[in-house]
Amino acid sequence: MCGRHAARAVFARRPADVLRVYLTEELVKPFGDLLHACAQLRRPYKVVGDDELEKITESRHHEGICVVAVARPPRALAEIVKPPGPAWLVALAGVANPHNTGAIVRTAAHFGARAVLVEGEGKRLPPAVYRTAQGGADTLDVVTAPDLAPLLAEARRAGFSICATSSHGGVDLYAAKLASRVVVLMGAEDEGLSRALARGADVTLRIPGTDAVESLNVAAASAVVLAEVWRRNAGR
């Protein structure tokens, strides 16, 4: 995982999982505390140039540091949704841009979501997701699956209401009755949600606005909806 906030998050939350660190010369002093932790944990670190770090991270936006760590063991959704009380999840269907996914993970962490469900074949998140999430990926669960439908069905059995979003219709977000346990279901920007997923939702939400543009970016829309869910449930 690359990015300064992501690096600090993994050291803060699970330092024993760190395997090695690569960073540029300019970050040696600002990240001296992390390098001291590496020495105490007997974990190697290497000072590299921008070109080498770009090859390691497969990104030009590495922010000068990369941490190689043991992947967090994925938790089953049944374990995540089991605790009672108000709770909210985010489900991403067809959101392929890792920067959007990372921004949504960051927002979900900020607004107290228990997990982000990501439709896709890969079991691990791209480094860009960790960087854009700014440490959020280490504060909540990320569950990946090739098909969201079984996960949504499992969440519904645990008492969650499925709330789809649409720019073409639905109930005004601020007037809608929202359950205290919800899954916020977001689709890809171009195609939106598939008909099957849209039809299976308990409610479709529309974010009101001026209609000067067709819709919000999926990360921005997620932030608006999650902020409202948080506002309604924060005191509970």
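The legends below describe close-up views of a predicted model. Residues are numbered from 1 along each chain as its sequence is written, and side-chain values use heavy atoms, with hydrogens and water left out. Because the model is predicted, local features need pLDDT of at least 70 and side-chain atom pairs count only at pLDDT 80 or more, while totals for chains, interfaces and linings use all residues.

**View 1. The aromatic pair of Trp88 and Trp230.** One aromatic pair is found in a search of the whole structure, and Trp88 and Trp230 form this pair in an edge-to-face arrangement, with 6.4 Å centre to centre and 80 degrees between the planes. Trp88 belongs to strand β4 (residues 87-93) and Trp230 to helix α9 (residues 218-233), so that the pair links distant parts of the chain, 142 residues apart. Rings of Phe, Tyr and Trp (its six-membered ring) are paired if their centres lie within 6.5 Å, and planes under 30 degrees apart count as stacked, over 60 as edge-to-face and the rest as tilted. Trp88 counts as buried because its relative accessibility is 5%, whereas Trp230, at 36%, counts as partly exposed; buried means under 20% relative accessible area, exposed over 50%, and partly exposed in between (1.4 Å probe, protein chains only).

**View 2. The salt bridge between Asp202 and Arg156.** The structure holds ten salt bridges, each defined as a side-chain nitrogen of Lys or Arg within 4 Å of a carboxyl oxygen of Asp or Glu. In this view the side chains of Asp202 and Arg156 meet at 3.3 Å, N to O. Asp202 lies in the loop between α8 (195-199) and β10 (203-206) and Arg156 in helix α7 (residues 149-157), so the pair ties together parts that are 46 residues apart in sequence. Asp202 is partly exposed, with a relative accessible area of 45%, and Arg156 is also partly exposed, at 34%.

**View 3. A salt-bridge network that includes Arg75 and Glu79.** Salt bridges that share partners join Arg72, Arg75, Glu79 and Asp141 into one network. Within it, the side chains of Arg75 and Glu79 meet at 3.4 Å, N to O; Arg75 is partly exposed, with a relative accessible area of 33%, and Glu79 is partly exposed at 46%.

**View 4. The salt bridge between Lys46 and Glu52.** Lys46 forms a salt bridge with Glu52, and the closest N and O atoms are 3.3 Å apart. Lys46 is partly exposed, with a relative accessible area of 41%, as is Glu52, with 32%.

Note on methods:
Helices (H or I, at least four residues) and strands (E, at least two) are DSSP runs, numbered from the N terminus.
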